Amino acid sequence: MPSYEQLREVLDPATTVLLTVECQQGVVGTESALPELAEEARSSGALANVARLVIAAHHSGVQVVHAVAERRPDGRGANHNARLFRAAERLPVQQLSGTRAVRIAPPIEVADEDLVVRRLHGLSPLAGTGVDPLLRNLGCRTLLVTGVSANVAIPNAVFDAVNLGYTAVVPADAIAGVPADYTPAMVRNTLALVATVASTQDVLGVWKRPRGA
């Protein structure tokens, strides 16, 4: 884990953006299309930790961006070129634009100043979604990546962030995937090679302490 001083350097509220990935009702909510993932996100405490980080970001002046995956009822623009996409089309809960499924799930609070970015395609919340220019316009240098899933979208987001020149920070207890033991192995063997891995409490400690202290 990085030291307090190292985290303090990269998590400056003026240049940090907190990204929540697919923390939506139809993914991590009680009526999820992926109940095993939703249960893991909740039982592990990951979803609660995302909510804690969002509250702290609001209080510290850190910009929050919520990345939502959705699809049109007619499926236009959606990918069909992988097993994951084809399986998603058959799920009983669909992430349809404008429905409850694509609303940010409790206990995460969405503030007026938050940005909600919705994508109709792909696996990544950054690639081809317009998030990169938004981050640059916000003066972002560090992207704090949270949410689901540790199987696909989270590593996609981290790799894309690093390739685009951002410093990626991952609170390991604020992401979730399935099975439960996959997430720590993926963090240890993959994400730790390209991102700064911390805990939710570490991040909260940096943001709660005045910058001049």
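Colleague: Where does Glu22 lie?
Modeller: This is a predicted model, where local features need pLDDT of at least 70, side-chain atom pairs count only at pLDDT 80 or more, and totals for chains, interfaces and linings use all residues. Residues are numbered from 1 along each chain as its sequence is written, and side-chain values use heavy atoms, leaving out hydrogens and water. Helices (DSSP runs of H or I, at least four residues) and strands (E, at least two) are numbered from the N terminus. On that basis, Glu22 lies in the loop between β1 (16–21) and α2 (25–28).

Colleague: What is phi of Glu22?
Modeller: Glu22 is a residue other than glycine.

Colleague: Which residue does a cis peptide bond join to Val148?
Modeller: Omega there is about -10 degrees. The cis bond joins Val148 to Ser149.

Colleague: What is omega of the cis peptide bond between Val178 and Pro179?
Modeller: Pro179 has its place in the loop between β6 (175–176) and α8. The cis bond from Val178 to Pro179 has an omega of about -5 degrees.

Colleague: How do α4 and α9 pack, roughly parallel or roughly antiparallel?
Modeller: The axes (lines fitted to C-alpha atoms over the stretch in contact; N-to-C angles, 0 to 180 degrees) of α4 (46–60) and α9 (200–208) lie 10 Å apart. Their angle is about 10 degrees. Under 35 degrees counts as roughly parallel, over 145 as roughly antiparallel, 65 to 115 as roughly perpendicular and the rest as oblique. So α4 and α9 are roughly parallel.

Colleague: Which residues in α9 does α4 meet?
Modeller: Contact means heavy atoms within 4.5 Å. From α4 come Asn49, Arg52, Leu53, Ala56, Ala57 and Ser60. They meet Thr200, Gln201, Val203, Leu204 and Trp207.
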